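Please read it with the sequence and the model open side by side.

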Amino acid sequence: MIFLGKFCRNLSGLAGLAMLLALLLAVLLTPILSAHDPYQLDFAAALQPPSGTHWFGTDNFGRDIFTRVIAGAVFDLRLALICVFGPAAIGVVIGLVAGYFGGVVDSVLMRLTDIAWAFPFYVLVLAIVGVLGPSETNLYIAFFLVNWIGYARIVRGETLVAAQLEYVEAARVLRYGSPRILFRHIMPNTITPALVYSMSDVVLTVQAIAALSFFGLGVQPPAPEWGLLIVESIDYMREAPWMTLFPGLALAWVGIGFSLVGEGLSSALKPEG
């Protein structure tokens, strides 16, 4: 309740939450708002500007851009959330184990983490997807292999401090097992920085997915992925600028929304004192 009260007093966090809820509402109401199929071709209606029939206009195949942008929200956010919170779970476990046990375990896990950390994020993802080939499955593989690193480093640092505190020492005296100490006592008290970091990580991942589509290494047509929508619009930017405008605005909308929510979470979860 204290957390909710602090979050509700943060205007940035509320604004970001409102933006994301508005997008969710648009997704839920799309069957009512528009009768168009995001995959339906209609060459007779190609490159029509925004109108009452097609709110965001149509693309070069006559497909309704509004329904494709909204379908892209489901597509991109599903990809991004899985590619963030799946690896985050792996990174949290690695960070907890490394920070709690220390010694050889910590050295081995952190050296592996440092090796992976030495390579730029985009370079690693591009290399992995380039080797495996462009597909949605390979995107998941690439992000699961790369996206855990930041969470492991964050949680490991927090765990090193928490492992020396009195409540952990008391749990050891009571002979609680290591899994119980790690996941019931240490993790709830060390997960906050990782949670805040995950909000900006969602933004980075959405952008990375769009960038991979731009390079031809992301999901493939006719998927309504925002980066792919922008790629398909490049040859029509002068003739039909709405093809680029609305997917670009959707990317910006999600990025700003999650960034503001992250700011609100950071403020609400910050210890008072």
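L47 is found in the loop between α2 and α3 of this predicted model, and although L47 is not a glycine, its phi is positive, at about 60°. Most residues other than glycine have a negative phi, and most peptide bonds are trans.

**Backbone features in the loops**

- R175, which is not a glycine either, also has a positive phi of about 60°, and the place of R175 is in the loop between α8 and α9, the latter helix covering residues 178-190.
- P221 and P222 are joined by a cis peptide bond, for which omega is about 10°, and P222 lies in the loop between α10 and α11.

**Overall fold and surface**

- The protein has 12 helices and zero strands, so that its pattern, read along the sequence, is α-α-α-α-α-α-α-α-α-α-α-α.
- Taken along the principal axes, the box filled by the C-alpha atoms of the protein is roughly 75 × 45 × 25 Å.
- Of the 273 residues of the protein, 44% count as buried, while the accessible surface comes to about 13,700 Å², with 70% of that surface belonging to carbon and sulfur atoms.
- When contacts between residues at least 6 apart in sequence are considered, 71% of them join residues at least 24 apart.

**The largest pocket**

- The largest pocket has a volume of about 300 Å³, and of the 16 residues that line this pocket, L23, F56, V69, I70 and W253 lie nearest its centre.
- Three helices, α2 (11-33), α3 and α12, each supply at least two residues of the lining of the largest pocket, and α12 gives the most, with six residues.

**The largest cavity**

- A search of the whole structure finds one cavity of 30 Å³ or more, and about 70 Å³ of space lies in the largest cavity.
- The residues that line the largest cavity are D59, I65, R68, L229, E232, S233, M243 and P247.
- At least two residues of the lining of the largest cavity come from each of α3 (65-101), α11 (226-233) and α12 (242-269), and the helix that gives the most to this lining is α11, with three residues.

- Why can α11 be described as largely enclosed by the rest of the structure? Six of the eight residues of α11 are buried, and it is therefore largely enclosed.
- The buried residues of α11 are W226, G227, L228, L229, I230 and S233, and they pack against α2, α3, α10 and α12.
- Two of the residues named here, L229 and S233, are buried in α11 and also take part in the lining of the largest cavity.

- Residues up to four places away in sequence not being counted, S198 touches V84, F85 and Y151.
- Y167 has its place in helix α8 (residues 166-173), and at 30% relative accessibility Y167 counts as partly exposed, because this value falls between the cut-offs of 20% and 50%.
- Once its neighbours within four places in sequence are left aside, Y167 is in contact with A162, H185, I186 and N189.
- Y167 and A210 are 43 residues apart along the chain, and their C-alpha atoms are separated by 45 Å.

Key:
Residues numbered from 1 in each chain as written. Predicted model: local features only at pLDDT ≥ 70, side-chain atom pairs only at ≥ 80, totals over all residues. Heavy atoms only, no water. Helix = DSSP H or I, 4+ residues; strand = E, 2+ residues; numbered from the N terminus. Buried < 20%, exposed > 50% of the residue type's maximum accessible area, 1.4 Å probe, protein only. Contact = heavy atoms within 4.5 Å. Areas by Shrake-Rupley, 256 points an atom, 1.4 Å probe, with all protein chains shown as cover. 1 Å grid on protein atoms, 1.4 Å probe; cavity = no way out; pocket = protein on both sides within 12 Å on 5 of 7 lines; lining within 4 Å. Points joined across faces, edges and corners; volume = space filled by probe spheres on them.
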